[in-house]
Amino acid sequence: MQIKAQKNSLLLLTKITTILFYTWIAETEGKVPALIVFGDSTVDSGNNNVLPTALKANFPPYGRDFMGSGKPTGRFSNGRVATDFYSEMYGLRPFVPAYLDPEYNIGDFAVGVCFASAGTGIDPATAGVLYDPFIRRRRHLLCALLCNSVIPLLKQVELFEEYQARLAGYLGSEMAKQTISEGVYAISIGTNDFIENYFALATPRFLEFTPESYVEFLISLSRDFIIQIYMLGARKIGFTGLSGMGCLPLERNRNPMWGRPCIEEYNKVAREFNSKLQQMTDELCKALPDLQLRVAHLFDFFSNILENPSLYGFEDAQYGCCGTGTFELGYLCNEYTPFTCTDASKYVFWDAVHPTEKTSRIVAEFLMNTTFSKFK
């Protein structure tokens, strides 16, 4: 009875939060001039489509539920990702276009732009890691075919600088400067540094650092990145903390003989990273005038979705919708992959790593209400 009461209370709290959230949207719609996105595959809206990398999602069944079009856009989802929902909730367009997508121009990017690249990380070494879920170590003979060749975070900053020059030419220098300073910046990155780099033994980082010192290394690089975009005019920045990466289907299904538990070692590191990220955020906000840097804390909320999926309308929180849901992502999740589910809304995960559109919407509503609505 007590467990049932707790679940009912949680469900009621979720409904109240949603009502308050949409009330806030109605009151603030149109006040944010642009949403600017940095990160990895959690928010990449198609930049990898034009890169020489195997890590793409511009083919079916990716995108099969994208705004009713069924178009595979390069998003690692059956539909939209969290930042698309942020944009819509801010009263901007219903999705954020990729900066390298030739279908869009500076007129489109003036209200929202994505520099994110699937497979990248905070650590520059992560952008060159071999991508293959069957091969957990780098194999140089295969590297020419399978290495990521994606956009490192520092290169995303260079694209941001280029974007600013184009924006000034389109809007005029004063309006462009205002868009840059008043726009909201969404950053989602860090998981690949651990699951595709450090713990996968893909680069020498596991020899250079302990897990704890690698976290410190990534936080130092994150600090440098924040200062860089601050110097370029960014002020309202939301940095999404890591979720329980040890509970991703790709990781937990590596141990079927043990009941497919979450890998607690990975989750412990995620919590440590989030704690250090918050400390860094507090320090920078004191040191840099007018900086509004906030950590979007996701770990506990997403853990609750995984532990109580039915409360959010899900039937499966352990496997992805695509294929067997245990290892398929990227080129292994394609239109010929057998066993792919027919209704992704029943699943927390779309492939072995990435959430479904429904999950992204739920996460976006939570983070908008707790973090991205707090900018002044």
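Phenylalanine 115 is buried, and tyrosine 163 is buried as well (under 20% relative accessible area, with exposed meaning over 50% and partly exposed in between, for a 1.4 Å probe and protein chains only). The model is a predicted one, in which local features need pLDDT of at least 70 and side-chain atom pairs count only at pLDDT 80 or more, while totals for chains, interfaces and linings use all residues. Residues are numbered from 1 along each chain as its sequence is written, and side-chain values use heavy atoms, with hydrogens and water left out.

A search of the whole structure finds 29 aromatic pairs, where rings of Phe, Tyr and Trp (its six-membered ring) pair if their centres lie within 6.5 Å, and planes under 30 degrees apart count as stacked, over 60 as edge-to-face and the rest as tilted. The ring centres of phenylalanine 66 and phenylalanine 95 are 6.1 Å apart and the planes stand at 65°, so this pair is edge-to-face. Both phenylalanine 66 and phenylalanine 95 are buried.

Phenylalanine 115 and tyrosine 163 also form an edge-to-face pair, at 5.8 Å centre to centre and with 70° between the planes. Phe115 and Tyr163 belong to one aromatic cluster that also includes Phe38, Tyr99, Phe109, Phe160, Tyr185 and Phe225.

Charged side chains are also placed over rings, a term that requires NZ of Lys or CZ of Arg within 6 Å of the ring centre and within 35 degrees of the ring normal. The charged end of lysine 358 sits over the ring of phenylalanine 314, 4.7 Å from its centre, and arginine 294 lies over the face of phenylalanine 375, at 5.9 Å from the ring centre.
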